[in-house]
Amino acid sequence: MLLSTLDIALRGATVALLLVLAASLFRGFGTVLAGRLAAAFALGSAAHAVTASIGAASQVTAAHAPVIALSTGNVVVFWLFTRALFDEGFGLRWWHALIWVAVAAFSFVNCMWLAPASGVRFSIIAINLLVLGFIALAVAQTIASWSSDLVEGRRRVRVFIVSAVALYGGLNAVLQIALSGSSTAEIANIVNSAVLAGVVTAISIAMMRVDGADLFPAVAEIQADTIEAAAGVESSADQKLIDALMRLMGDERIYRHDNVTIGTLATRLGIPEYRLRRLINQRLGYRNFNVFLNEHRIAEAKAALADPSQAEVPVITIAMDAGFQSLGPFNRAFKAITGVTPTEYRRLKASAA
């Protein structure tokens, strides 16, 4: 009885904290995609706090199944949240919603029909393997995107948030698989509720210790004249580094090279990565290294598309000459900066000539 009361108290406290966090995120950052996804993830986590049960072997009721489906679908929200958190140019697509619906629907069907037909243990294993898959995708996204983030404060907080959620979610899924059908999981449920409460509290505290505008920037603060912002730098040493960096970008066109990284540029300039990251962020106004590279690539592509002598050159050739590896990322980056597709841009320049 005491353990059950403690479990309920921990779950209730966690749900209350998550609901407050969701409301705060939506009120403060509801106009930003990452902020909206963070609020949605907090709501889905509240559903998880209500329904999470390790070692349960009982059948799910019709009233309980939709909440479990919402909790399961939250892993898709987590994956999308990590993408939006690390990529300010990320936008939701119709098929993202389709993935969420498919996962939530599978969870609901699993609860209502598959579990009674094939057994609860099989049902728990199937759902949690799906959860582990999306957690792996989120972690991979974090690893792939972390180095391009130029804002030191949010780099640490973002990695902490993703790592904490992924570690808890991964361990929870493994325990549910390992202990499904067990009758001795009451203590495991208490521990799970306590860990979840601790993770949510730690994430809330971490988010309060970083500037919200850094964590959820409203817009990419990159403009066409960003490069010229170096004219107002205070340090002559920084000015020399910026001049050297601009020579690498403008004269050597290093952005054309395959797999160019901030480490590559730092080595060429003979400075530590953290200093170059801070220089590009604080002196040139960029938050993301890939955006910095793409602005130079798009500037070259714009010149080529507007050149009448290159009117017959395929767009893919221009994209790859500028340093893009494929047409899709080039089209998205080009439209994000110019507001039109490369083909439309070429047509507009040709008609204006």
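Val15 is buried, with a relative accessible area of 18%, where buried means under 20% relative accessible area, exposed means over 50% and partly exposed lies in between, with a 1.4 Å probe and protein chains only. The structure is a predicted model, in which local features need pLDDT of at least 70 and side-chain atom pairs count only at pLDDT 80 or more, whereas totals for chains, interfaces and linings use all residues. Residues are numbered from 1 along each chain as its sequence is written, and side-chain values use heavy atoms, with hydrogens and water left out.

Val15 lies in helix α1; helices here are DSSP runs of H or I with at least four residues, strands are runs of E with at least two, and both are numbered from the N terminus. Leaving out residues up to four places away in sequence, Val15 touches Ala46, Ala49 and Val50, a contact being heavy atoms within 4.5 Å. Ala46 is 31 residues from Val15 along the chain, yet the C-alpha atoms of Val15 and Ala46 are separated by 4.9 Å.

For the chain as a whole, the secondary structure comes to 15 helices and zero strands, and the C-alpha trace spans about 75 × 45 × 35 Å along its principal axes. Of the 353 residues, 46% count as buried. Among contacts between residues at least 6 apart in sequence, 75% join residues at least 24 apart.

Two packed helices are described by the angle between their axes and the distance between the axes. Helix α2 (residues 33-51) and helix α3 (residues 65-86) pack at an angle of about 150°, with their axes 8 Å apart; axes are lines fitted to C-alpha atoms, for helices over the stretch in contact, and angles run from 0 to 180 degrees between N-to-C directions. That angle makes α2 roughly antiparallel to α3, on a scale in which angles under 35 degrees count as roughly parallel, over 145 as roughly antiparallel, 65 to 115 as roughly perpendicular and the rest as oblique. The crossing of α2 and α3 is left-handed, a term used if the near helix is turned anticlockwise from the far one by less than a right angle, with right-handed used if clockwise. The residues of the contact of α2 with α3 divide into 16 nonpolar, six polar and no charged, where Ala, Val, Leu, Ile, Met, Phe, Trp, Tyr, Cys and Pro count as nonpolar, Asp, Glu, Lys and Arg as charged, and the others, Gly among them, as polar.

A second pair can be read in the same terms. The axes of α5 and α6 come within 9 Å and cross at roughly 160°, and α5 and α6 are therefore roughly antiparallel to each other. Their crossing is left-handed. The contact of α5 with α6 has 15 nonpolar, five polar and two charged residues.

How many residues does the largest nonpolar core have? The largest nonpolar core has 47 residues, and those with the most contacts inside it are Phe78, Phe81, Met207 and Phe216; such a core is a set of buried Ala, Val, Leu, Ile, Met, Phe, Trp, Tyr and Cys residues joined through side-chain atoms within 4.5 Å. Helices α1 (2-29), α2, α3, α5 (120-146), α6 (152-179) and α7 (186-208) each supply at least two residues of this core, and α3 gives the most, with 10 residues. Phe78 touches Phe41, Ala138, Val162, Val165 and Ala166, not counting residues up to four places away in sequence. A second, separate core of 24 residues includes Leu150, Met249, Val260 and Leu265.

Asn110 is placed in helix α4 (residues 94-118) and is buried, with a relative accessible area of 1%. Apart from neighbours within four places in sequence, Asn110 is in contact with Ala115, Pro116, Ser123 and Ile127.

Leu348 lies in helix α15 (residues 342-352) and, at 51% relative accessibility, counts as exposed. Leu348 and Leu305 are 43 residues apart in sequence and 10.0 Å apart in space, C-alpha to C-alpha.
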